[in-house]
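Please keep the 3D view open as you read.

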Amino acid sequence: MREKKEKEIYEPVRGLLEEAVDYHVYEMKLSDRIIAAALGFASAIVVVYVFFHSILFGVAGGILLLVPAQRFYRDYKIQKRSKTLLLQFKDLLESLSSSYSAGQNTVGAFQDAKNDMISVYGEDADITAEVELMIRGMDNNLQAEELLFNFAARSGLADVESFANVFEVANRQGSNLKQIIADSREIINDKIEIEMEIETMLQANKNELNVMVLMPLLIVPMLGGLGSSTITANTFLNVVIKMICIAIFAGSYLVGRKMIDIKI
């Protein structure tokens, strides 16, 4: 007998300082769990009732969807946080570029950047916390590039890792940090603008995908309203066919989301 492969358990990336956060992990609050459960439960009841006209089946489907709904909601929050962090990192590079242009050293540039991030995003923002960690790390004799690489590993952002590689080479070889940071900022800005243009171009496709998923919820009641007992009857064959149809539409939606999720 073949041994079953054990499911890989994700090991959070540890920070160089204790307060560091792994952005691959999202600790759901009670409010998050309530929102996710409510959305999943309500969606299941609506879909199941439209197809089967049974509140009991709807409640059962809602209960089955409680756990998956929380997982999807957690993944959504992780993706949203990652996109927000990337935009904040872009502004961090702009602040660092200005500070280096003003003649600041690395520590001074990050201190100025911290004040800028607080004024723009507030003290509770992720990027503010990361700059604070970098300043504290450098005060404890850690190299800036070490802290940047750790930030890149915890955030999963390729742009942060690329900047860390360039910063390491420039810092050790005594290159022009001012020019290098300015160039990195321009590259990341161009990449984000391209991503936003692609997002705009794909918005129509996303809307079509959402309409495609909602169409069965409109068509089935319309057929029932026309007096078609074949559609509304919960015979064994009808139940099987409806369950297959729901699975096909759900699978098509997931495949469609992956197809339009273009990353640069």
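The paragraphs below start with some ground rules and then follow the helices and their contacts.

This is a predicted model, in which local features need pLDDT of at least 70 and side-chain atom pairs count only at pLDDT 80 or more, while totals for chains, interfaces and linings use all residues. Residues are numbered from 1 along each chain as its sequence is written, and side-chain values use heavy atoms, with hydrogens and water left out.

Let's begin with helix packing. Two packed helices are described by the angle between their axes and the distance between the axes. Helices here are DSSP runs (H or I, at least four residues), numbered from the N terminus. Axes are lines fitted to C-alpha atoms over the stretch in contact, and angles run from 0 to 180 degrees between N-to-C directions.

Helix α1 (residues 30-52) packs against helix α2 (residues 55-64) at an angle of about 145°, and their axes are 7 Å apart. The crossing of α1 past α2 is right-handed (the near helix is turned clockwise from the far one by less than a right angle). On the α1 side, the contact (heavy atoms within 4.5 Å) includes F41, A44 and F52, and on the α2 side it includes I55, F57 and I63. Sorted by class, this contact has 10 nonpolar, three polar and no charged residues. In this scheme Ala, Val, Leu, Ile, Met, Phe, Trp, Tyr, Cys and Pro count as nonpolar, Asp, Glu, Lys and Arg as charged, and the others, Gly among them, as polar.

Next, look at α3 and helix α4 (residues 106-121), whose axes come within 8 Å and cross at roughly 135°. That angle makes α3 oblique to α4; angles under 35 degrees count as roughly parallel, over 145 as roughly antiparallel, 65 to 115 as roughly perpendicular and the rest as oblique. Here too, α3 passes α4 in a right-handed crossing. Among the α3 residues that meet α4 are L87, Q88 and Y100, and their α4 counterparts include F110, M117 and Y121. The residues of this contact divide into nine nonpolar, four polar and three charged.

Stay with Q88 of α3 for a moment. Is this residue buried or exposed? Q88 counts as buried, at 7% relative accessibility (buried means under 20% relative accessible area, exposed over 50%, partly exposed in between, with a 1.4 Å probe and protein chains only). Beyond residues up to four places away in sequence, Q88 touches M117, Y121, A125, D126 and I127.

D126 leads us to the salt bridges (a side-chain nitrogen of Lys or Arg within 4 Å of a carboxyl oxygen of Asp or Glu), of which the whole structure has five. One of them joins D126 and R81, with the closest N and O atoms 2.9 Å apart. Because D126 lies in helix α5 (residues 126-139) and R81 in helix α3 (residues 66-101), the pair ties together parts that are 45 residues apart in sequence. R81 is partly exposed, at 23% relative accessible area.

Another salt bridge pairs R154 with E130 at 2.8 Å between the closest N and O atoms. R154 sits in helix α6 (residues 144-155) and E130 in helix α5, 24 residues apart, and both are buried.

Finally, find L209 in helix α8 (residues 177-225). L209 is buried, with a relative accessible area of 10%. Its C-alpha atom is separated by 6.9 Å from that of Y253, 44 residues apart along the chain. Leaving aside neighbours within four places in sequence, L209 is in contact with S252, Y253, G256, R257 and I260.

Notes: Helices (H or I, at least four residues) and strands (E, at least two) are DSSP runs, numbered from the N terminus.
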